[in-house]
Each structure stands twice: as C-alpha cells, then as structure tokens.
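Q: I am new to reading protein models, and I would like to go through one feature by feature. Could we begin with how strands sit beside one another?

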Amino acid sequence: MPAVIVLGAQWGDEGKGKATDQLGQNTDYVVKFNGGNNAGHTVVIDGEKYALHLLPAGILSEGVTPIIGNGVVVDIEVMFQEIDEMASRGVDCSRLKVSSNAHIIPSYNRLMDQANERARGKNQIGTTGRGIGPTYADKMNRIGIRIQDLFDPEGLAEKVEAALAPKNEIFAAVGMETLNPEVVTEELLAYADRIRPMMCDVSLEVNEALDRGDTVLFEGGQATMLDIDHGTYPFVTSSNPTAGGALTGAGVGPTRIDRVIGVAKAYTTRVGEGPFPTELDDKVGEALRVKGGEFGVTTGRARRTGWFDAVVVRYATRINGLTDICLTKLDVLSGYPSIPVCVAYEIDGVRTEEMPLDQAGFAKAVPVYEELPGWDEDISGCRTFEELPVNAQAYIARLEELSKCRIQSIGVGPGREATIVRYPLI
C-alpha cells in the first residue's frame, strides 16, 4: 500500500501517534498535512515516552523521511525546541524536511489567540492559545507569512508590518502590549539560516516518491469531529484533519491514495468546549479518565470522557472514506461487567442513527445505548485476536458492524509492540 492516510475518527487524542509510528516503521516517508503544535502525539518505544507536538511521528523511525507539509502552520521556535530535545535523546532529526509553502506562526498570532478567547468571554471555544487559528485566518486573508518569506528580508518586513498593524490596534483596545514590527521581523529572520537546508517542494518530492513505488504515510493532527467544515462547528480546529485535507496539505491527487485509516479509541474523549453526547460527567467518567491517562500531551488539560459513540465513528467512515479502523486502548475497558455503546441518538423524542443536520440538534442529542458484556482479564499481553477474551472479541465485532468499517488493528497497551494486527497493510 504505497499511499496511506492516518487520521482521527473522533475528537482527537485517539492514539494517532502510536498508529503512525507503527506503520511508519515500514514506510519511506511520513508527511504531516495539517494543524500545528496545538496537539500532541505520545509514542512509547522500549518503555521510553516521546511527546511529539509539531514533528511527524516518522522522526522516531530510522530510514524514514519525515516531512512537514504546506497545510501545517509552523511555530519555528517550537519546532527547533522540539528538534533539540529529540536530538538530545539520540533521535536523528537531520532527515526532517519542511514545505516552503507552510505558513509560520508569528509571535503576534499567539497573542491574537489569547485576545480572541478573552473577547469571547463565556462563549470561549477552548483553544490551546498557540496561535493556530489566527495564523490560518491570516492565510485565508492573504496576509500570512510563509517559510519562503524568510529569505526575502525586505518583503518579510513589509508583510509583517501590514499584518501586525490591525492586530496592534486590537491589543491596545483590550489592554495588551503592542508589538514592534521590526522586532518581530528580526525574530523570524534569526531562523532563516537554520531552516534553509530543510526546505523542499513537498508536492514534488511526495509524488516522485510514489512514482518510484515508495510508501508514503500521511499523518493528520486533531480529528474528524474537529474539522473546520465537517466537525462540531464552532468548537473545531482551523484546518481540515479529514482525508481531503491530506490531499491539499501535501499536494497530492485523490487517485494516489490507497488506504484511509481512522484511529478511534475503544471509548471516546474530547478536550475543550462543545457538545459531547456520551460524556460521563460523573465518577465513572473520572475513573475512566484516570485509568486511561486522559490528560493532554500539549496542555496537560484533563480530557472529557465517555462511552464509544458509533454514530460519530460511522460518520467519520463516511466523511473520510475509511478503509480501516485502528482501535486503541481496548485494555482500558478491562474490568467492566458491561460496556455501553452508543448506537443512535434521540433528539426531541425522535431516534436517528446519523449525525443531526444542525449543531442545535447535536447539542440536544441523547445517546441510545446498547449494553455489551464486559471482561475481567488483563489483555495487555495479547498479540492475536484469538487470545482476547470472548467478550472482548464480541465487542470488537459489534463496533465493526456499527462503524461500517473493518477494525484493522487493536491497541492493548501504550507500547509500540502492544498491538494486535488483524490485517497487515504495509
């Protein structure tokens, strides 16, 4: 399978880093196609934990070329901090390539993120404050700063001044410190020499790799339900973490893609504000949070927890054209006598098995549960489907049926090796 997209099938934090890392061991390229350092991937190798924020998971696999695509917004300071940290642990980061068309997160957009959230008051959407949204907004407003702009100092100074002027007015209005455009320009230019060797034409490089028969894995940040077009708007991210975003975020055509893998937890979590039909806002939810270690890699925020929502994952299957699901954290569900699974919603007394047409309806959705028998056995040592308890096998079979997509692999622990592969892909 030379071209494979890996993306989140829920609200993020599904374990995409582990899935990408596992598949990345057998690929030639791993291309990150959206988002920025507003989300994190945790990968555990030989008991060592690696927290990735901006770098593609392929950075941890020898012989793989990791690429940051044009659809990503890059905080250069954070990128080099992450590179230095990885290098200090013996990870070779010299292979990293960055699209010359990727947009940069300047310091003023981190401030804009904070100013926007402050202005929203009680209507905050729960951003990470990393400047992601304002940078994508600048991109759409055609006042963004790209990696290639670092090599045109005069042009860069003009662009920074034009983009910063209206933002300084906002900063002053809300009582924040204004920024000097010359200082911001110098901050950015300081990274030019170091980033120059990393620059590449991602579209050309990836398409030529596919022409050679190399294997390319496209890695998405966030998830389907956070997609700017298809997610729970406005409680979404500012990019397209869905399969279509992989095409525009890396510069490849749809006919080049062979498999689309959606990563989903055996239950559901969400970070930040917004509707969450299966949320467990009680002791059960807190116990699930603690047992599953549900705290954000980037922010440390406690994740909201709930039971598996088949309506959401079925929607992700449709939106992305999923060919496979990588199910993670099945081991967290060991010990429950029975496990509820949301199979439909009731909205104003009417049952629906599909996503509601509008967000007002989704906000009122009451989950319709089907109770499945649980299991007590520790499954962390299982490496084949047949080794799983009978009830765990039945749980997988039912999720497969409800999601309308085959479950390709099953995570039974945090380690790279703690995975049951049912259908080899690469």
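A: Let us start with a single pair of residues, keeping in mind throughout that this is a predicted model. In strand E10, the bridge partner of Val6 is Glu219. Strand E10 covers residues 216-219, and four bridges join it to E1 in the parallel sense.

Q: What holds such strands together in general, and in which sense do E1 and E11 pair?

A: Strands of a sheet pair through backbone hydrogen bonds, and the pairing may be parallel or antiparallel. Here E1 and strand E11 (residues 259-265) are joined by five bridges and pair in the parallel sense. Within that pairing, Gly8 stands opposite Val263 of E11.

Q: How many strands form the open sheet, and what is their order?

A: The open sheet is formed by ten strands, which follow one another as E9-E7-E5-E2-E10-E1-E11-E15-E19-E20, and the pairing is mixed. The edge strands are E9 (199-200) and E20 (419-421), each of which pairs on one side only. For an antiparallel example, look at strand E19 (residues 407-411), which three bridges join to E20; there the partner of Gly411 is Thr419 in E20.

Q: Is strand E1 enclosed or open to the outside, and how would I read that from its residues?

A: The general idea is to ask how much of each residue remains accessible, where a relative accessible area under 20% counts as buried. Six of the six residues of E1 (residues 3-8) are buried, so the strand is largely enclosed by the rest of the structure. Both of its faces are covered, with Ala3, Ile5 and Leu7 buried on one side and Val4, Val6 and Gly8 buried on the other.

Q: Where is Ala9 found, and is it buried or exposed?

A: Ala9 is found in the loop between E1 and helix H1 (16-24). Its relative accessible area is 0%, and therefore Ala9 is buried. Leaving out residues up to four places away in sequence, Ala9 touches several others, including Glu14, Thr224, Val263, Val312, Val313 and Ala316.

Q: Which residues have a positive phi without being glycine?

A: Arg142 is one of them, with phi near 65°, and Lys404 is another, with phi of about 60°. Arg142 lies in the loop between helix H4 (132-140) and H5, and it is exposed, with a relative accessible area of 74%. Lys404 lies in the loop between helix H13 (390-403) and E19, and it is exposed as well, at 61%.

Q: At what angle do helices H5 and H6 pack?

A: Two helices that pack together can be described by an angle, a distance and a handedness. Helix H5 (residues 153-173) and helix H6 (residues 181-189) pack at about 130°, with their axes 9 Å apart. That angle makes H5 oblique to H6, and their crossing is right-handed. Residues that meet there include Leu156, Val160 and Leu164 in H5, and Val184 and Leu188 in H6.

Notes:
Residues numbered from 1 in each chain as written. Predicted model: local features only at pLDDT ≥ 70, side-chain atom pairs only at ≥ 80, totals over all residues. Heavy atoms only, no water. Buried < 20%, exposed > 50% of the residue type's maximum accessible area, 1.4 Å probe, protein only. Pairing = 2+ DSSP bridges. Axes fitted to C-alpha atoms, helices over the stretch in contact; angles between N-to-C directions. Parallel < 35°, antiparallel > 145°, perpendicular 65-115°, else oblique. Left-handed = near helix turned anticlockwise from the far one by under 90°. Contact = heavy atoms within 4.5 Å.
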